[in-house]
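Hi,

Here is the structure I promised to pass on. Please have a look at it first, and then read my notes below.

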Amino acid sequence: MCGIVGFVGHEEAAPILLEGLSRLEYRGYDSAGIAVYGQEDGLQVYKAKGRLKALCDLVDNGAAVHGTVGLGHTRWATHGQPSDLNSHPHVSQSGRIAVVHNGIIENYLTLRQRLQARGIHFVSETDTEVVAQLVDYYYKDDIMDAVVKALSQVEGSYALGILCIDCPDQIIAARKDGPLVLGYGDGCNFLASDVTAVIEHTRDVSYMEDGEIAVLTADSIKVYDSLLNPVEKEHFTVDWEISAAEKGGYEHFMIKEIMEQPDALRKCLFPRIKNHKVVLEDLSLDEEYIRSLHKIDIVACGSSYHVGMVSKYFLESLLRIPVEVSLASEFRYCDPIVDEHTLVIVISQSGETADTLAALRQAKKLGARTLGVVNVVGSSIAKECDDVLYTWAGPEIAVATTKAYSTQLGVLYLLGLHFADVLGRLSPDRYDTLVRQLLLLPSCLEQVLEQKENIQYLAFHYFNHESIFFIGRNIDYAMGLEGSLKLKEISYIHSEAYAAGELKHGTISLIEPGTLVVALATYGKLFDKTMSNIVEVKSRGADIIALTTEEHTAAMESQASGIILVPELDPMFMPSLAVVPLQLFAYYVALNRGCDIDKPRNLAKSVTVE
Ligand code: AGP
């Protein structure tokens, strides 16, 4: 939700912090701030409401701030509206302690009242200020002791960066349910919410675990557990290039990431298919366990949940095992029925989504086996699942997910085929056909992307509509959920995705002359049924954009004002192809409406609060 960056070294900290924040801005972008300590200038804190640019202007891109130790923060407001005052870093009343925070301090009101009763005056509405005041309250002459005491009082989630003016050569980091990466540089060290903020400077990183506290100086990073016992950290080398986290000539990250999908899928799929067989080396589930499965639960949020919705259709059809798909925010509170014969698959791009993480923990507590489908390496969900299959999509920066969706689906295809193989559910011929088609997906996606101009034209024609419906049946319906979400989140157009057969039970009353209906009709078996529903809305005045396969072009021409064609593969693979025109449509509609595509209002990339 928020982005944190920290630097300690021998160079000016401010430009490094600002550059790090620019890479983390996708995590929250309603205000930003930095705190830098300099030998001559002491603690300097600058904060500005609005995009990072406002802060950069305020500090002359860092040139106005001097010091070699500092913290930076980019905010997605939870407690207190976006304002200069509520922006981080927060400084304690005495001016000795500065804090940046990602997460929520759930008992902040109680703590605040207790501190106020002791004469401490608060200046912001945030939960974070409590941490700064509390550390200061406990601080006598040992900052680590004060941090440990303060954290023992705090309930909730946090990734924290702490700077104390009495120890000006160090920053302290602490983590509970919020990501924090430590970056090991040469004569300098880094702290960040995400590796994207440090790889310009170092590829040598480690990931903090819950309960750990780290002390960073220019020459060392020392990590301790919550009782201050030293912890030996495993180091990882980041193996992707910084260009992966840059726009590379595209106007927005979203369009870049849409265009990257064929390659992302290749990286996700190809290494896991050997001699025309799916080989999931990173999976420890043995065949006996797979055969003992009674149920699969898929738990996720947003687009990742939509991947689950699509997967339900093909997994049930392939495996003949019941698959339930739940929103993580519901699953965690609905007393789910799971046991050791249930595989709970949690899907998450960021690996940090608070609801998904909580659902995962609950599933584990109830005895289920858990498998994560995750993009961000070393993230909490990846670490806590019994097994993890990475999507290998590379960094995804745009808030609206595209390549993560596609690669999550890719992993679910692999998993489905692997399980079907173990369970003996597919004839050798059918298995072979499906594996061959899976290998074709990336090049088919390239063909779909070639229709960019057609989709751009349709978007130009319809961008002024105030309400857009997506209809389809079966797997097309599940895919429409994602098309509708993409459109809503970046263009702010009201949109609904409906099972086409369900329209007549209520929603068709919303159709009036000129309403745009995007009809998804790639599922051949039910084409005629979907067609009837298309005719129903058309006869009530709807304008139709149809997404279908070449075989059905003629039938569609009489009904639709616009047709988008996708190559035909087995039905289970069609959502993978068909979702891409919907991503492009949402993108171009938002572009025509002048929306802030990569950073849509009220949203953030990684949702680490409940
Ligand atoms: C989709 O475009 C989203 N921005 C959002 O729905 C996202 O998929 C959801 O918040 C889940 O995130 P995760 O995959 O990182 O868990």
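**Two helix pairs**

The axes of helix H13 (residues 403-423) and helix H14 (residues 428-449) come within 11 Å and cross at roughly 165°. That crossing angle makes H13 roughly antiparallel to H14; angles under 35 degrees count as roughly parallel, over 145 as roughly antiparallel, 65 to 115 as roughly perpendicular and the rest as oblique. Axes here are lines fitted to C-alpha atoms, for helices over the stretch in contact, with angles running from 0 to 180 degrees between N-to-C directions. Helices (H or I, at least four residues) and strands (E, at least two) are DSSP runs, numbered from the N terminus.

Before going further, please keep in mind that this is a predicted model, where local features need pLDDT of at least 70, side-chain atom pairs count only at pLDDT 80 or more, and totals for chains, interfaces and linings use all residues. Residues are numbered from 1 along each chain as its sequence is written, and side-chain values use heavy atoms, with hydrogens and water left out.

For the classes, Ala, Val, Leu, Ile, Met, Phe, Trp, Tyr, Cys and Pro count as nonpolar, Asp, Glu, Lys and Arg as charged, and the others, Gly among them, as polar.

In the second pair, the axes of helix H4 (residues 128-138) and helix H5 (residues 143-153) come within 8 Å, crossing at roughly 130°. That makes H4 oblique to H5. On the H4 side the contact is made by Leu134, Val135 and Tyr138, and on the H5 side by Ile143, Ala146, Val147, Lys149, Ala150 and Gln153. The contact of H4 with H5 has 7 nonpolar, 1 polar and 1 charged residues.

**Cysteines**

How many disulfides does a search of the whole structure find? The result is 0, taking a disulfide as a pair of cysteine sulfur atoms within 2.5 Å. The sulfur of Cys164 has its closest cysteine sulfur in Cys167, at 4.2 Å, which is too far for a bond. Cys164 is buried, with a relative accessible area of 4%; buried means under 20% relative accessible area, exposed over 50%, partly exposed in between (1.4 Å probe, protein chains only). Cys301 is in no disulfide either, as the nearest cysteine sulfur, that of Cys334, is 13 Å away. Cys301 is partly exposed, at a relative accessible area of 22%.

**Backbone details**

Most residues other than glycine have a negative phi, and most peptide bonds are trans. A cis peptide bond joins His88 and Pro89, with omega about 0°, and Pro89 sits in the loop between strand E4 (69-75) and strand E5 (90-91). Asp177 is not a glycine, yet has a positive phi of about 60°; its place is the loop between strand E8 (171-176) and strand E9 (181-184). Tyr492 also has a positive phi, near 65°, and is found in the loop between helix H16 (475-491) and strand E24 (494-499).

**One residue to look up**

Leu17 is in helix H1 (residues 13-24) and is buried, with a relative accessible area of 0%. Leaving aside neighbours within four places in sequence, Leu17 is in contact with several residues, including Val5, Phe7, Ile34, Val36 and Leu71.

Best wishes

Conventions:
Contact means heavy atoms within 4.5 Å.
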